[in-house]
Amino acid sequence: MAEESGGGAESAEVRQIEAMNRFEPHPGDPAAVPQPATGSSPSQDRRRDALLLEAGHELAEAETLDAALKTVARLFTPDFSLDGMVVFGVTDKFLNVLGQSGYRSGQAQRVFRMPMETAFPATEVVRSGRPVYLSSPQEFLDRFPVTWPIAVQHGRQSWAFLPLVTSGRISAVCLMAFRQPMAFTADERALLGLTTRLVAQALERTRTSSAELALSTGLRRSMGAVAPAVPGLSVASRYVPTGGGLVVGGDWYDVINLPGGRLAVVIGDVQGHDVHAAGLMAQLRTAVHAYAAEGHGPDAVLSRSSRFLAALDEDRFATCIYIEAEPATGMLHIARAGHPHPVLRLPDGTCLLKHIGGGLPLGLMPGTEDYPVTDMELMPDEILMLCTDGLIETGGHDMYSGWVRVRDAMSPGPTDDLEGIADSLIRAVHHPSWQDGHAAGEEGGEREPDAAGVRADLAPRNEDDIALLLLRRDAGVHHRAVPERKLVLTIEQDQAEGLSEARAQLQALLHDWAQPDQVDTAVLLTSELVGNVLMHTDQSAALTASLTGEPGHRVLRVEVSDNGDELPHQRAPGEMASSGRGLMLLDILSGQWSVRPESEGKTVWFSLWEDEEPEEPADDGPAGSASLSDLPD
């Protein structure tokens, strides 16, 4: 919105210049008295008016300070002998040079740094807020004798120092130096005032664009730092920004290493292509990463991310696909939020559009989050392609013709050349003729992608951003099977015997556990968790216990889930209290524990390690009791 209002202000300045050129003052008006420099003629006046009008339009569109100064420099005429400009930046303590025209580089920019206390026309402008006009060298010498030696070495005859106001404050001072003496009439001062206002707007655009460019560059670089794929799965990624000036928009991708050798693969697209979309994308990407690291499943990650985005900005939404991959088995657990469907490439090159059930885009309708999880097995040498809609629709394609283009680009080529397939897909969008029999690298050689997977020879287009991820299950990679036992039970509210049955089955699961005391601990903690669900909610308790690893070095993980909304919290029960000790016991007795919110309900879990060394019991502990030193860490 700031750019739109700024554009309107620039248009008003241009209209004012046009009005000045058409203005014919009344004969009695003082402005009607001509005060041109010697040698001025009507033809010269008309030429300057034409130059002024042209410069006004160019200044309204100037995106850099250097471009603005070069435009103003073209206003030179014999009676308006402008041949030098400097823009001084203003800080609390110093003036420095932001840009210049008509001065040698190094003279103006590398050396100049003037304290604000110095008696200099530019510092006077900052202090007073008013322009300073110096019509002759003598006037400069009389008013600013200390800094006259700086000006005299350049041979100018007149100077105008004008404030550049941005965001309601003086952020810079513009010096305009003239080869010939200038009287600085009312008309000339009005002209200089209008010109410097346009320069100030160009300066503000430059600073805003630089900040946005720095932000987007940092975001793009961070996307390049994806986690390495684990053995059994290979990943290739590409990102091509829009041509709108930023090097990143609302599109993103991520590859996240998860515990247990699993991998999370994410791709998403925040609505919009401006710096606000890029900022929201960065925050949403961080939130998704955090929810994944907490151990949430794909549906819970998207549900929480949707609520997070809605809290950030109610006017924007995002599409996303989140995949939790198991490299050892090739299983993919996929949740989709309004995002384009993935494409599955079979080992023979056949490409299939893989329809995945899903929910609404993130942040679109808070409170209605429902993201079903689709399970599929990725077979060896199969490739799953995830992309944002820029890959499909760039070039004026609709969803159907865009998918046909993707299929034709993805089908050829060997399966083991994942990077080559990624290049083919991007080239199909940016250089469609490349598909007609051109081998990779024939046209002048290929360039390596940068850290974010961006190819330097693929120029950005003024369309949507493109994010691309390819996920391949590698053939010939053998994973040593990890021994595992698993117990899954559901204890209903009306099953009085369910809790005792759960205890018995857990003891059977741990029949050969190396530390018998830990078996009792596991049964006690499981009873506490299941009993807490049955006593304090009207829900059933879902119990899952898994035992993984080699004998002697195994890990027990017990999870108890229910659909209740209230999360458990630690309390400080009194000596006679009959409840409230469950989480205290978890904290003392388990090796690790936590509470994990789900898309519906919650899960409380704990872990025990078989090779954990128990500490020696205390000598003064009473018989039959357990002190803290008796308990495992």
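**Figure 1. Helices H13 and H14 are roughly antiparallel to each other in this predicted model.** The axes of the two helices, H13 and H14, cross at roughly 150°, and angles over 145 degrees count as roughly antiparallel. These axes come within 10 Å. H13 passes H14 in a right-handed crossing. On the side of H13, the contact is made by Leu499, Arg503, Leu506 and Gln507. H14 contributes Val519, Ala522, Val523, Thr526, Ser527 and Val530. Two packed helices are described by the angle between their axes and the distance between the axes.

**Figure 2. The largest nonpolar core of the chain has 29 residues.** The residues with the most contacts inside this core are Leu506, Leu510, Leu543, Leu556, Val560, Leu586 and Phe606. Another core, of 24 residues, lies apart from it and includes Leu258, Val270, Ala287 and Cys320.

**Figure 3. Leucine 556 is shown with the residues that it touches.** Residues up to four places away in sequence are not counted here. The partners of leucine 556 are Leu510, Trp513, Ala522, Ser546, Leu547, Phe606, Ser607 and Leu608. Both Leu556 and Phe606 are among the residues with the most contacts inside the largest nonpolar core.

**Figure 4. Valine 604 is a buried residue of strand S21.** Its relative accessibility is 9%, and buried means under 20%, so valine 604 counts as buried. Valine 604 and leucine 529 are 75 residues apart in sequence. In space, the C-alpha atoms of valine 604 and leucine 529 are 7.5 Å apart. Across the chain, residues 24 or more positions apart account for 66% of the contacts with a separation of 6 or more.

**Figure 5. Histidine 296 lies in the loop between helices H8 and H9.** Helix H8 spans residues 275–293 and helix H9 spans residues 298–312. Histidine 296 is buried, with a relative accessible area of 2%. When its neighbours within four places in sequence are left aside, histidine 296 is in contact with Tyr291, Val301, Arg304, Tyr322, Glu324, Arg596 and Pro597.

**Figure 6. Phenylalanine 184 and aspartate 381 each have a positive phi, although neither is a glycine.** For phenylalanine 184, the angle is about 50°. This residue, phenylalanine 184, is placed in the loop between strand S6 (169–178) and helix H7 (186–224), and it is buried, with a relative accessible area of 4%. For aspartate 381, phi is about 70°. Aspartate 381 is found in the loop between strand S14 (373–377) and strand S15 (383–387). At 30% relative accessibility, aspartate 381 counts as partly exposed.

**Figure 7. Helix H4 is shown with the glycine just after it.** The helix covers residues 121–128, and Pro121, Ala122, Thr123 and Val125 are buried. Glycine 129 takes a positive phi of about 75°.

Definitions and conventions. Residues are numbered from 1 along each chain as its sequence is written. This is a predicted model: local features need pLDDT of at least 70, side-chain atom pairs count only at pLDDT 80 or more; totals for chains, interfaces and linings use all residues. Side-chain values use heavy atoms; hydrogens and water are left out. A nonpolar core is a set of buried Ala, Val, Leu, Ile, Met, Phe, Trp, Tyr and Cys residues joined through side-chain atoms within 4.5 Å. Buried means under 20% relative accessible area, exposed over 50%, partly exposed in between (1.4 Å probe, protein chains only). Contact means heavy atoms within 4.5 Å. Helices (H or I, at least four residues) and strands (E, at least two) are DSSP runs, numbered from the N terminus. Axes are lines fitted to C-alpha atoms, for helices over the stretch in contact, and angles run from 0 to 180 degrees between N-to-C directions. Angles under 35 degrees count as roughly parallel, over 145 as roughly antiparallel, 65 to 115 as roughly perpendicular and the rest as oblique. A crossing is left-handed if the near helix is turned anticlockwise from the far one by less than a right angle, and right-handed if clockwise.
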